[in-house]
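Good morning, and thank you for coming.

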Amino acid sequence: MEIQTESEGYTSSASLKSPSSPSRPKRSSTFPLESSMHAIDSPVYTSGYQTWHNTGSAPNIATNIDNEVTEKQEHVLSHLKRECLVFPSYAKRTIDENGNPAWVIRIRGWAFSVKGNRKKKLMLGLARTLAGVSRKQDTNINLETRARLFMASNARNLDLNLSVVGLSHASHMMLSGDAEQNVQPPSEYAIQTPTRAINGHFSTTLSVPCKLVESWGILDPAGVRKLLKIRADADELCDTSFGFVNLVEPEGVSVISDIDDTIKHSNVFLGAKAVLSNTFLKELTSVSGMANIYHYWWLKGVSIHYVSNSPWELLPTLESFFHQHTFPVGSAHLKLMDRIGKLWQPADVGKREAIIEILKDFPKRKFILVGDSGELDMELYAGLARQYPDQIIKIFIRDVTTPRLSQRIAEKMKASRAKLGHSLNFNRTTSSDSIKSYSSTLTKFQARVELVFEGLDPDMWTLFQDSDELLMCEKVRASVFGCHKASKD
């Protein structure tokens, strides 16, 4: 049923209803597991909980719980109701079925439950063994917190009601929202649509009249575009869930960025053990300078899309990373582990699908692609540049390969010289073979780069090691900011 509001004089295919009073009290949650942890009566946790809700951002839970999982915690975790994540997304302008300008929102999410049963305890124990971590070590807290969603079960056939509740803002990238975040102004009507999470995941669209959004005030006092705020409700959910939507204009510049080894140190090129250690155990570190550069671009009006092969089960890790290093807001496109086959899916398949969808949604925008040499970003981006030459204006690839191989060669040569001077039995052939092997690998990488970008304008791509190269690129400065060589902006 379509309802026309007298104040704005528009109609929408989505129903407009006055928000009903909840039949039971619901608490919001910034972090999906907070609902399961609030019963822990620890002064440290209570302190963290207050900080969380006062600032509207998730604390590092790893510092707020004891090393040992108590029986009370296990009892709470084993009786969880269903939870929901609404993924950060974007909206594009269009004309609705009534001929009125509207924002069409792409909404995706995940409904699930986390239970502490015997099988999942065994899985966590196996993870500890593989990582070489004991239950009493500090790193065990990181492991239990960050791996928790890998123990989740999809909530099947869950009926949800999705609604737009107004405009909000965030100072940094957030992967989940909360009710305490200011909505300006609060809406008198909720634009809503039903959806069903058949296998735990849901995907739909929702149309919002442009006139309504503009009446709320799209820009904040600093001139920064606000975010639409989405709410997900269901009787079976233990909490109301919230998500953010970026309003992206038809024309302008967008950055599509990888995460691992592009903006976050993961060391994918060192193998699975290094990735697991950096993901689940160690402190999360960002690539130097990247957060500042992305913020600079974002303040200049550039839209950001974070596209990664990482699964949504890594939300606790990424939530902590984005909060700690204050990367700007944007849409997030991660892997949905909705079937076992995706565990062995090539790294570029899911990312390619997500990027093509963005390119097709904004055919008049210009795109900068940022990735790294550790996996298949070069091949993926080069192929897309050939397929969408009018949209992709620049490819930046962080070179994580050359420094690593060059360091190995230098270390081997130094060790060779030291052993040659101190030992008459030193095997020079073995050392020489190691150096030749690393040198050969480096030569193959250089050949790979030339082959991947063959035929593309050399000005189209840049292999970088220092993040400042992204700001100094004249093509980006001219295309994005209208800067010239003489400009000092």
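**Aromatic rings and sheets**

Let me begin with Phe321, which is buried because its relative accessibility is 0%; buried means under 20% relative accessible area, exposed over 50%, and partly exposed in between, with a 1.4 Å probe and protein chains only. Before going further, I note that this is a predicted model, in which local features need pLDDT of at least 70 and side-chain atom pairs count only at pLDDT 80 or more, while totals for chains, interfaces and linings use all residues. Residues are numbered from 1 along each chain as its sequence is written, and side-chain values use heavy atoms, with hydrogens and water left out.

Phe321 forms an aromatic pair with Phe322, edge-to-face, at 5.5 Å centre to centre and 65 degrees between the planes. The criterion is that rings of Phe, Tyr and Trp (its six-membered ring) pair if their centres lie within 6.5 Å; planes under 30 degrees apart count as stacked, over 60 as edge-to-face and the rest as tilted. Phe322 is likewise buried, at 2% relative accessible area.

In the whole structure, a search finds 11 aromatic pairs. One of them is Phe87 with Trp312, a stacked pair at 3.7 Å centre to centre, with 5 degrees between the planes. Where do Phe87 and Trp312 lie in the chain? Phe87 is in the loop between S2 and strand S3 (89-95), and Trp312 is in the loop between S12 and helix H9 (315-325), 225 residues apart. Helices (H or I, at least four residues) and strands (E, at least two) are DSSP runs, numbered from the N terminus. Phe87 is buried at 6% relative accessibility, and Trp312 is buried at 3%.

Trp110, in strand S4, touches both Phe87 and Trp312; contact means heavy atoms within 4.5 Å. Its other contacts beyond four places in sequence include Leu149, Gly200, His201 and Phe202. The side chain of Trp110 also makes a polar contact of 2.8 Å with that of Asn154. Such a contact is a pair of N or O atoms within 3.5 Å; within protein, one must be able to donate a hydrogen and the other to accept it, and residues adjacent in sequence count only if both atoms are side-chain atoms. Trp110 is buried, at 1% relative accessible area.

Across from Trp110 stands Leu85. Strand S2 (residues 83-86) and S4 (residues 101-114) run antiparallel, joined by four bridges; strands pair if DSSP finds at least two bridges between them. In S2, Glu83 and Leu85 point one way, Cys84 and Val86 the other, and all are buried.

I turn now to the open sheet. Six strands form it in the order S13-S12-S11-S14-S15-S16, with parallel pairing. S13 (331-335) and S16 (461-464) each have a single partner strand, so one side of each is left without a neighbour in the sheet. From one strand to the next, the twist averages 15 degrees. Axes are lines fitted to C-alpha atoms, for helices over the stretch in contact, and angles run from 0 to 180 degrees between N-to-C directions. Helix H8 (residues 290-299) packs on this sheet, touching S11, S12, S14, S15 and S16, and its direction makes about 155 degrees with that of S11.
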